[in-house]
Each structure stands twice: as C-alpha cells, then as structure tokens.
Amino acid sequence: MFNPFTGRPVDEGAPVPAAARLGLEPPRFCEQCGRRMIVQIAPDGWWARCSRHGMLDSSLTERR
Ligand SMILES: [Zn+2]
C-alpha cells in the first residue's frame, strides 16, 4: 500500500488519510504501486488513472 497523496509506502500503523477514504480528495498516486496517476477533477467528482491498475473514480469511495 502507498499513500495516495505522497506516493510513499504506507506502514500498517500509518493508514491512508481519512479524506482519501471518504473520497473527498482525489488520490494523486496509486495505492497499490505508488505510481503517479493521471487525475481529473469533474463537477460531480473525480477520476484517477494508474497506467498499471486502471481507473479509480469518486463513486467508488463515496459514502453510501
Ligand atoms: Zn497502480
């Protein structure tokens, strides 16, 4: 796991920031590989694409 804002490896004791979990801010780095992702902010959310792991979007992390 990598921090989606810094791209640094995440230790078990240092979880991903709550803002990312809640989908309030788009991640800038892939959590799975730490690559910088292409990020697009849209009026209704955001998406971010990792060249290896594909696309994430805000609908995946929004609270239901
Ligand atoms: Zn990735």
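**Note on the predicted model and its zinc site**

1. In sequence, the residues that donate to the zinc ion follow the spacing C-x2-C-x16-C-x2-H. C30 belongs to the loop between helix 1 (18-21) and strand 1 (38-42), whereas C50 belongs to strand 2 (residues 45-50), so this pair ties together parts of the chain that lie 20 residues apart in sequence. It should be kept in mind throughout that this is a predicted model.

2. The atoms that coordinate the zinc ion are SG of C30, SG of C33, SG of C50 and ND1 of H53, at 1.9 to 2.4 Å. The angles subtended by the four donor atoms around the zinc ion run from 102 to 116°, and the arrangement is therefore tetrahedral, since four donors count as such if all angles lie between 85 and 135 degrees.

3. How exposed or buried are the cysteines of the site? Both C30 and C50 are buried, and for C50 the relative accessibility is 3%. C33 has a relative accessible area of 19% and is also classed as buried, although a reader may wish to note that the class is defined as under 20%. The structure holds zero disulfides.

4. Turning to the fold, the protein chain contains one helix and three strands, and these elements follow the pattern α-β-β-β when read along the sequence. Of the contacts in the protein chain with a separation of 6 or more, 20% are between residues 24 or more positions apart.

5. Strand 1 and strand 2 run antiparallel and are joined by five bridges, while the hairpin that connects strand 1 to strand 2 passes through two residues. Within this pairing, Q40 stands opposite W47 of strand 2.

6. Strand 2 is also joined to strand 3 (residues 54-57), here by four bridges and again in an antiparallel sense, and the hairpin from strand 2 to strand 3 passes through three residues. A48 is the residue of interest on this side, standing opposite L56 in strand 3. As background to such pairings, the side chains in a regular strand alternate between the two faces of the sheet.

7. Which residues does S58 contact, beyond its neighbours in sequence? S58, which lies in the segment after strand 3, is in contact with D44, G45 and W46 once neighbours within four places in sequence are left aside. With a relative accessible area of 6%, S58 is buried.

8. P9, by contrast, is exposed, with a relative accessible area of 60%, and is located in the segment before helix 1. Not counting residues up to four places away in sequence, P9 touches M1 and F2. Between P9 and E31 there are 22 residues of separation in sequence and 8.6 Å in space, taken from C-alpha to C-alpha.

9. For the protein chain as a whole, buried residues make up 30% of the 64 residues. The accessible surface comes to about 4,600 Å², and carbon and sulfur atoms account for 50% of that surface.

Key. Residues numbered from 1 in each chain as written. Predicted model: local features only at pLDDT ≥ 70, side-chain atom pairs only at ≥ 80, totals over all residues. Heavy atoms only, no water. Donors = N, O, S within 2.8 Å, 3.2 Å for Na, K, Ca; no water. Tetrahedral: all angles 85-135°; square planar, octahedral: opposite > 155°, others 65-115°. Buried < 20%, exposed > 50% of the residue type's maximum accessible area, 1.4 Å probe, protein only. Pairing = 2+ DSSP bridges. Contact = heavy atoms within 4.5 Å. Areas by Shrake-Rupley, 256 points an atom, 1.4 Å probe, with all protein chains shown as cover. Disulfide = S-S within 2.5 Å.
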